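Subject: Structure handover

Hello,

Here is the structure you are taking over. Please have it open while you read the notes below.

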Amino acid sequence: MKELQEVSKEQRDLYWKKNIRLTTFTLVIWFVVTYVCAFFVKELNNVVIFGFPFGYYMGAQGSLIVFVWLIFNYAFKMNKYDKEFGVEEEEEK
Amino acid sequence: MANGKSSFLDNLGKIYMIYTVGFIVFVIGLGIGEKMGMSNSMIGYTYMVITIGLYAVIGISSRTAKVSEYYVAGRSVPALFNGMATGSDWMSAASFIGMAGTIFGLGYDGLAYIMGWTGGYVLLAVFLGPYLRKFGQYTIPDFLGARYGGSAARTIGIIAAIIASFTYLIAQVTGVGIIMSRFLAIDFQIGVFVGLAGILVCSMLGGMKAVTWTQVAQYIILIIAYLVPVTVMSYNATGVPVSEVMYGQVLQKIDAKEKQINADPKEIEVMGLWKIEADKIDADIKALPGSFEAKKQALNDKLAALPADAPAADKEKAQKAITAFPKNPAEAKEKWELAKKAAMDKTKPIKPYLQPFARLDMLNMLALTFCLMVGTAGLPHILMRYYTVPSVKQARISVGWSLFFIFLLYFTAPAYAAFARNEVLSNVIGLPIASLPAWMANWAKVGLVSFKDLNADGILQFYELTIGADAIVLATPEIAGLPYVVSGLVAAGGLAAALSTADGLLLTISNALSHDLYYKMINPNASILKRLTISRVLLVIVAIISAYVATFKLTIIVELVAWAFSIAAASFFPALVMGIWDKKANKAGALCGMWLGFSLCLFYMIGSRFYGLSWFGVKTISSGLFGIPLGFITIYVVSRLTGGAPKDIQDFVESVRIPKGASVAHEE
């Protein structure tokens, strides 16, 4: 675990804080598109786009699109933070 | 050898591209063959032999004698390909064949499965995937063992991994048997054991390495097979071959049609007839056990009354009726209660397809979604896949690719369901019984579709028709008027889905036994050769046991698979997440948390399933709803009461939290 000596505690804590903020953001959106949308599905169904009642659409496809975006967004941002805080892993051989 | 390996990894894109094109050419070739008179069974056999042959070639050419290749594919699988492999590892026979049918039947409420089985990857991405890769060992119990010190946590991990994976494995092997027997017209038992050979040939010689590259190949076949029929159906129904977008129009048609059916006097007549039927069953239930004896006697009399020269089919039918009859009054009560409930459902107007919470109440739908999500993020055969990528960075991206490849299928499933429902409502209901389309008769033969002219008006009413969930995807090629070669393709896709999941599960179980139990706990000095040999032998033994259990075709299996999610969610997930996110979590906390979460989950399952226990009306399938929070709270509280975690464990957690220093496995 020599990486703990290589990166200072402050640096690691800052990095972890950034991570927690991004994780919280991701989970909030995740919660809204699944549970909040399902909770208000009847109200949302009054909006019909292209034949799809919006509440139904969020359950069937909308939430899925957001999930895929959320994960890639998380991955790219975290990979960027790694560099920013000097905690990225050694280049792969 | 080293050269050959890197040139394979460097050319992955090209190799699988050629493979995909080759497969498409093969399907087109079969299509031409069909036009020239190739028989259906010939097409079925060609599909099975060629696809299983392909998997076998990949499996055998990936054989290995290196521990890191056997357990984690040498940690050399690029993010995108690990995503594909995870996709087919994850999507089982139930996703491929059953998902669309579930939505067909449950309408909006069935979307709990769609959201649950995809949303779980968000949890996996932020809570577990990258950190497990940083930890970088071989199995999930490995992590529990390292984080919570000693054999106790590892042992609970092994037990939970085996319970969750084994029930799931049996369901996959059963799926393989069903597909084999239906499309090759062979016996179910033989189908199971042929399929078993297909599973073993992929995993035995090359472990995770072989399984990974076969799973990628299987993903390609299963996704092509899933998308082709529904795309054609969309083109037929709307003129645009993009089912995922076009089914919106169809939803409106379904809604209008359902209203029309609910107002039809003939339909109302049938609903009345179901009421009479339900009352009859109710009377039988009240008259138990006398009614049980009388009915049993009547069936026996019927068989005895058949003249000696009666057709064999009639005798067989009478015999089957006796075999299917409940064994005792208690079983009769359970069966008849179900029949009564089914009949009662048909006395009421159709619940609109789009209406939320018509079949599951809101609490149960949300609870089910939650349990499936957390369970997804806690299933060891999926988590294990993130050990196989080269870096933490790639692990993060790989979760995204995994969900993307899963998304392609789940995104389409609601379209499948809608097109099929529209077809049934618009073009089947209201037809004269004598001129029903051919696909209905075909699937009636295997019992997936059944219809009966209750009111004897010669016309098919909605409640005179029953369609099994599995029929939706399997029958769509015929509904869309496609040649048999596409039906065969769908079967090959279903087989790929079942085989790939079975491979992943089998490996998880045998690794838990060979690596965690044998190597880590019983004989840490075992040589590499010995470890791999034991692992391979266990693989064969577990496979044979699962096939043996599958041949009994226990109906409880389907239910157990759903339970596996709650079990994984309540036992694994809290301990894994707290292990990374709570530095103070310690051994005592984790042991209590895993044990209590698991116990409460199991207690509620058994209580609600068999003894009428009900908390807030939550159904058995969502039992994890109580176990998950209990697990988290217990770990938090007990860890603090017992003085938190020692310094070296806290350092371990700190190191898992940053990618720097990721272990690049070089073990031979």
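A residue counts as buried when its relative accessible area is under 20%, as exposed when that area is over 50%, and as partly exposed in between (1.4 Å probe, protein chains only). By this rule, Tyr70(B) and Tyr71(B) are both buried.

This is a predicted model, in which local features need pLDDT of at least 70 and side-chain atom pairs count only at pLDDT 80 or more, while totals for chains, interfaces and linings use all residues. Residues are numbered from 1 along each chain as its sequence is written, chains are lettered from A and ligands numbered from 1 in the order in which they are written, and side-chain values use heavy atoms, without hydrogens and water.

Aromatic rings

Rings of Phe, Tyr and Trp (its six-membered ring) pair if their centres lie within 6.5 Å; planes under 30 degrees apart are stacked, those over 60 are edge-to-face, and the rest are tilted. Over all chains, the search finds 52 aromatic pairs. One of them joins Tyr70(B) and Tyr71(B), edge-to-face, at 5.4 Å centre to centre and 90 degrees between the planes. Another edge-to-face pair is Tyr113(B) with Trp117(B), at 5.3 Å and 65 degrees. These two residues are about one helical turn apart, because they lie four residues apart in helix H7 of chain B. Helices here are DSSP runs (H or I, at least four residues), as are strands (E, at least two), numbered from the N terminus. Tyr113(B) is buried at 18% relative accessibility, and Trp117(B) is buried at 12%. One aromatic cluster has members from both chains, including Phe72(A), Phe76(A), Tyr219(B) and Trp401(B).

Where the chains meet

Contact means heavy atoms within 4.5 Å. The contact between the chains takes 61 residues from chain B and 55 residues from chain A. Buried area is the accessible area (1.4 Å probe) that two parts lose on being put together, summed over both. Here it is about 5200 Å², with 71% from carbon and sulfur atoms. On the chain B side, Lys393(B), Arg396(B) and Lys660(B) lose the most area to chain A, together 14% of what that side buries.

A salt bridge needs a side-chain nitrogen of Lys or Arg within 4 Å of a carboxyl oxygen of Asp or Glu. Four salt bridges are found across the interface.

Backbone details

Most residues other than glycine have a negative phi, and most peptide bonds are trans. Which residues are joined by a cis peptide bond? They are Leu288(B) and Pro289(B), with omega about 0 degrees. Pro289(B) sits in the loop between helix H13 (265-286) and helix H14 (290-305) of chain B.

Phe50(A), which is not a glycine, has a positive phi near 55 degrees. Phe50(A) is in the loop between strand S1 (48-49) and strand S2 (52-53) of chain A. Phe616(B) also has a positive phi, about 55 degrees. Phe616(B) lies in the loop between helix H26 (587-610) and helix H27 (624-641) of chain B, and is exposed at 71% relative accessible area.

A serine in a helix

Ser500(B) belongs to helix H23 (residues 484-522) of chain B. Is Ser500(B) buried or exposed? At 0% relative accessibility, Ser500(B) is buried. Beyond its neighbours within four places in sequence, Ser500(B) has contacts that include Ser88(B), Asp89(B) and Met91(B).

Regards
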